Structure formats: C-alpha cells, structure tokens
Amino acid sequence: MSDPTMSAPAVPPSTVVLVSGGSRGLGLAIVTDLLDAGLRVAAFARTVTPELAKLADTHPGRTHVGSVDVTDLAAVQAFVRAAEQHLGPIDGLVNNAAVGQDSLHVHTATADLAGIVETNLTAPLQLTRLVVRRMLAQGRRGRIVNITSICGQRGFPGLVAYSATKGGMDAATRSLARELGGRVLVNAVAPGFFASEMSAVLGRTQLDQIVRRTPTGHLTEPDEVLPVVRMLLREQTNINGQVLVVDGAASI
Ligand SMILES: NC(=O)c1ccc[n+]([C@@H]2O[C@H](COP(=O)([O-])OP(=O)(O)OC[C@H]3O[C@@H](n4cnc5c(N)ncnc54)[C@H](OP(=O)(O)O)[C@@H]3O)[C@@H](O)[C@H]2O)c1
C-alpha cells in the first residue's frame, strides 16, 4: 500500500503524442497545433488526407501517419509499435476519432448502433489500454485527453447512441484517473458543436438555435479547443479526471 502522505512526482509534459482521427476536422487541427508547439506526433485515420500527408512531408522526423481503422485492434497495435520506433515512446494520447449520428433512436438499425458504440467507446478504451500498458511496462508517465462532447451531458435529438458513447468516455475518464493513481493524468475535453464534416448534418435552424442559446454568441471554433487540449498535455497542473466543457456556456 502506498503512503497517502507521500506526494507522487509530477507527470512531465507529453513530448510524443498519438492522435486518433487526425486526418481532418478537430483531429487535424490538434496534430497541426502540437507540431507547431515542437512535439512529435503520430496520427491515423481510415484515410490519410492530403492535408495530413503534407504535414508528414513537412515534418518527416517528427510525424508518423498511417491509414488505420481504430476498431481494428491488430492494425492499431502495429501502428503504435511502428510510431514508437520512429518517434520514441508515446507519452500522450488524444482519443479524438469518432463517428457522428443523424437518426432518431427508433429508426437506428442495430448494426449502426453497434458501429457507433464500437468506434466511439470500445475502440478508444482498447487504444487507451494498449498505450497505458506500454507506458506502465516501461515505467513511464503520461497524459490522456479524451475528446468527448457536450452531448455526453445534455440531450440532443438524433444523437442518442452518440451521446451514450460520449457520456461513457466521460465516465471512463474519471475512473481511469482514479485507477492510474496520478501516474497518468486522464482528462476529457467536451466541445460544443463546431463546423466539421461530422456536424454538417445539422440544419441552419438547429445551428441558429445553438448560437442563440450561447452567451458568447458564436459556435465553438476548433481553434478555441486547441489551447485546452495542449494545456492538458503540456502544462503542469493538478487537473485529473475532469471533463472540461468548451461551449461558450451554451449548456449552462
Ligand atoms: N463537430 C462537432 O460539432 C463536435 C462537437 C463535439 C465533439 N466533437 C468530437 O470531436 C472529435 C472530432 O470531430 P470532428 O467534428 O472533427 O469530426 P470529423 O471531421 O468527422 O473527423 C473525425 C475523424 O475521425 C476519423 N475516424 C472516424 N472513424 C474512424 C475509424 N473507424 N478509425 C479511424 N479513424 C476514424 C476520421 O477519419 P476517417 O473517416 O478517414 O477514418 C476523421 O479523421 C470527435 O470525437 C467528435 O465526437 C465534435
């Protein structure tokens, strides 16, 4: 039993970060931001977009990218091993890859429901287990940032299964932070709606309604999420097991 009066050494800032779903949208913005900050970054998605390939070409020694489905555990394992050979041990993980939803629960087919849960909940839990096992086996410390959503805390029609996965990741964030005893800091960032391929299904009326409900008067921008993710990966804070909402108080 560890002595509860002994403080654990601080978790150092991450230097090698794995970003899932780094090919477009918020994930691509996170990859770009971390490279700009001088970090080494591994990123995958099912398709490597020209934008992600260009980043890899621009920073060949500091970037490792690949075409991987997050639900394919063997492919994810192979990618993590190759990324560590190229960049060094991973000490930061951003679970960003996810699929959206645009169907009322009563109209959502069983296969679609299972796909959302597998991609947004089971796969990030498996990726997290893989990365944390490697960190602990090598006696390293690290940081994990789960990109969840305001949908994990507030209700939105058409997003029932999606919301369940995001609420699930918020809950996992708290329990994992406890389980890892301060050796790995585990937090979540829950953005409000922002423009991307995922949110393109929202109509003008829905977007206007969200803006009207937002005291800051605009939809969240990916650029407004980046400093929060970077802070959780890089800064010396005692933030652990938290879900940080970035939505201009739309949900308050
Ligand atoms: N957009 C919003 O309004 C909003 C609001 C709150 C939270 N979020 C969250 O923010 C994160 C990023 O969302 P976004 O809006 O930037 O979405 P996006 O533009 O649709 O990007 C999603 C990323 O995940 C990847 N991805 C999806 N399924 C994958 C799979 N099976 N294996 C590997 N990669 C996969 C996609 O690449 P491929 O399709 O090529 O695999 C892409 O790189 C997500 O976690 C989302 O839930 C979004």
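This is a predicted model: local features need pLDDT of at least 70, side-chain atom pairs count only at pLDDT 80 or more; totals for chains, interfaces and linings use all residues.
## Largest pocket

The volume of the largest pocket is about 1,100 Å³. Its lining consists of 49 residues, and those closest to the centre are Ala 98, Val 99, Gly 100, Tyr 162 and Met 198.

Four elements each supply at least two lining residues: α1 (25-36), β2 (40-45), α5 (160-179) and α6 (204-212). Sorted by class, the lining holds 23 nonpolar, 19 polar and 7 charged residues.

## Nonpolar cores

The largest nonpolar core has 26 residues, of which Ile 30, Val 94, Val 189 and Val 229 touch the most other members. Two or more residues come from each of β1 (16-20), α1, β2, α2 (50-58), β5 (142-147) and α7 (222-234). The most, 7 residues, come from α1.

Leaving aside residues up to four places away in sequence, Ile 30 touches Val 19, Val 94, Asn 96, Ile 147, Leu 226 and Val 229. There is also a second, separate core of 25 residues, which includes Leu 18, Ile 90, Val 184 and Val 186.

## Aromatic pairs

The whole structure contains 2 aromatic pairs. Phe 44 and Phe 79 form an edge-to-face pair, with 5.3 Å centre to centre and 70° between the planes. Phe 44 belongs to strand β2 and Phe 79 to helix α3 (residues 73-87), 35 residues apart. Both Phe 44 and Phe 79 are buried.

Phe 156 and Phe 193 also pair edge-to-face, at 4.9 Å centre to centre and 80° between the planes. Because Phe 156 lies in the loop between β5 and α5, and Phe 193 in the loop between β6 (184-191) and α6, this pair ties together parts 37 residues apart in sequence. Phe 156 counts as buried at 17% relative accessibility, and Phe 193 is buried with a relative accessible area of 14%.

Conventions: Residues are numbered from 1 along each chain as its sequence is written. Side-chain values use heavy atoms; hydrogens and water are left out. On a 1 Å grid over the protein atoms alone, a cavity is a set of points where a 1.4 Å probe fits but cannot get out, and a pocket is an open set with protein on both sides within 12 Å along at least five of seven lines; lining residues have an atom within 4 Å of a point. Grid points are joined across faces, edges and corners, and a volume is the space filled by probe spheres set on the points. Ala, Val, Leu, Ile, Met, Phe, Trp, Tyr, Cys and Pro count as nonpolar, Asp, Glu, Lys and Arg as charged, and the others, Gly among them, as polar. A nonpolar core is a set of buried Ala, Val, Leu, Ile, Met, Phe, Trp, Tyr and Cys residues joined through side-chain atoms within 4.5 Å. Buried means under 20% relative accessible area, exposed over 50%, partly exposed in between (1.4 Å probe, protein chains only). Contact means heavy atoms within 4.5 Å. Rings of Phe, Tyr and Trp (its six-membered ring) pair if their centres lie within 6.5 Å; planes under 30 degrees apart count as stacked, over 60 as edge-to-face and the rest as tilted.
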